[in-house]
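Hi everyone, thanks for making time. I'd like to walk you through a few spots in this one, so let's get the picture up.

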Amino acid sequence: MAECSQISDETNENENTQKHQEIHLEDAESRNPDDESNSHTEMKKPISPEQEYKASIQMKKSKKKALIELRCRVEDAILGNYMLGKPRGKVPESNKTQENLHDISLWGVPLLPSKGHEGTDIILLKFLKARDFRVSEAFNMLRRTLIWRREFKTEGILEENFGPELENVVYINSTDKEGHPLCYNVCGAFKDREFYNKTFGSEAKCEDFLRWRVQSMEKVIQNLNFTAGGVDSMVQILDLKNSPRPSNKELRLVTKKAITLLQDNYPELIFRHIVINVPFWYYASHTLISKFISQRTRSKFILARPSGVADTLLKFIAPENLPVQYGGLNRENDIEFSPADRALELIVKSGTIESIEIPATEAGVTVVWDMTIVGWDVNYKEEFIPEDEGSYKILLEKDKTMGQSMRNSFYISEPGKIVITIENGTYKRKKVLYRFRSKPTVPMYVYFK
C-alpha cells in the first residue's frame, strides 16, 4: 500500500535528523569551555514557542507513522490469515471463507483497514496509546485480545444471565459533563455475608463473577461511539461505602484478576477512575494494586473521602446527572424533572444568610423545587409569602439542617413567592444548586365535590 511505502521514507528522514542532532551535539561538546566566547554554552536556553511547536509536530508525525505501520501489520495479518494466531498460509480461495477472514472486528468495528471504516483507526490508536506507540507491542496486544475474546466467548456474553442480585452492583447512569457514560460500581453489597458467599463461595462462582464483570464492561461499550468526534471512553465510579475489607481473600484475588483482565483487553476505554467514600485501609490496598497496573492507568485515578464525595463528583458531573445519594439532583424514574432542567447556582459565604426566591405569579399551579448543597451542614427555612399584604405567610419548613438532597412542592392558591432562606454557620463557603418548575394542578377539593 502507498501508506506502507511511506514508512521507510519517513524512517530514513528521522534517522538523518537524529544523525544531524548527534553531530551538532558532538560539535557543542568539543568546544573549549574556557573560551570566553563560549563561556555561556553550558547554560540551558529556554525553549521557544516555535521549538515547542516543532516538537509537537514531530511527535504528531511519529504517532501518525506508528498508526500507519500498525494498520499495515493488521491488514497483512488479516489477509494472511494469522491475526488470530493461525500459522501464515495461503488465503483460502472460497469467497465465503475469505469474507469471514475479512470480517474480524472488535466492539462492532471492522479491523481490516482497507474496509475504510472510520472507527478502525480509533480502535487501533487505543492499543497504540496503551503501549506508548510501540507498534510491535500494540500489535501483539491486539492479537492477544482477539484470541482471548474467542476463548472467553465474549460474543454471546451479553445474553448470559447472572441473576438479578448483581444488577445493582454495577449500573450505568447518565453521562459526565463531556458526554462520557457513567458506570457506577457499588461494593457495599458484598458486605452482606450471604451475598458474599453466594458470589465468591467457590472457584466456579468466582469465574462466573469474572464473566459478569466482562459482561458489565461490554454493556457500557454499547453506549460508546467509535466514530470521528464520538465519545469512545467511559468514567468508572467505584463506591467503597460499607465495602468489605481486603482481608476477604476471595474478593481480593478476584479483583486482582478482573483488573488485569480489563487492563489487558480493554485499553483506553476508561477515561477516568473516580473512587469515592474511600476508607483509610483502601490507601494501602490501592498502593498494592497499583503495582499491577500501568502508569497511564494510575494517572486516571481520583480518590475522594466520604466528606468530599459530592464536591469531587460535581467537578466532572452536572448536578442534573448526579444521583441524589451522591449529592446531585438525579432521581430514579423522576416524573418532575429531567436532565434538561438545568440547575442554578448560589454561593453562600461563611457566616452569612442568603435567600432563593421562586416566583409564583399565578394561582392554580403547584411549584416543585429541588435543592442540594455541596458540603451540607447548613440550616434552611422554606415559606410562602403572598403578594397580598393582608394574607398570611405560610411556613413550609422550619429551620431544618440540610444533610441530603431535598425536594418539596406547594400548591399556589394566590399569587406570591416561595422563599428559601439558607444560613451558613460554618467556616467554609457553600455552593447551593437548585431548580424549580410550575405545573397546572386541579385542587384536591374539586375531586370530592
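This is a predicted model: local features need pLDDT of at least 70, side-chain atom pairs count only at pLDDT 80 or more; totals for chains, interfaces and linings use all residues.

**A strand pair, a helix pair and an arginine**

Now zoom out a bit. The two of them sit in an open sheet of 4 strands, and the order across it is β9-β14-β11-β12, with antiparallel pairing. Who's at the edges? That would be β9, 353-360, and β12, 394-402. Each has a single partner strand, so one side of each has no neighbour in the sheet. Going from one strand to the next, the twist averages 15°.

Okay, over to the helices. Find α4, residues 118-130, and α5, residues 135-152. They pack at about 120°, and their axes are 8 Å apart. That angle makes α4 oblique to α5, and the crossing is right-handed. What touches what? From α4 you've got L124, F127, L128 and A130, and they meet V135, A138, M141, L142 and T145 of α5. Sorted by class, that contact has 8 nonpolar residues, 1 polar and no charged ones.

Last stop: R211, in helix α7, which covers 203-221. Buried or exposed, do you think? R211 is buried, because its relative accessible area is 16%, and the cut-off is under 20%. Skipping neighbours within four places in sequence, R211 contacts F152, K153, I157, E160 and F162.

Notes
Residues are numbered from 1 along each chain as its sequence is written. Side-chain values use heavy atoms; hydrogens and water are left out. Axes are lines fitted to C-alpha atoms, for helices over the stretch in contact, and angles run from 0 to 180 degrees between N-to-C directions. Helices (H or I, at least four residues) and strands (E, at least two) are DSSP runs, numbered from the N terminus. Angles under 35 degrees count as roughly parallel, over 145 as roughly antiparallel, 65 to 115 as roughly perpendicular and the rest as oblique. A crossing is left-handed if the near helix is turned anticlockwise from the far one by less than a right angle, and right-handed if clockwise. Contact means heavy atoms within 4.5 Å. Ala, Val, Leu, Ile, Met, Phe, Trp, Tyr, Cys and Pro count as nonpolar, Asp, Glu, Lys and Arg as charged, and the others, Gly among them, as polar. Buried means under 20% relative accessible area, exposed over 50%, partly exposed in between (1.4 Å probe, protein chains only). Two strands pair if DSSP finds at least two bridges between them.
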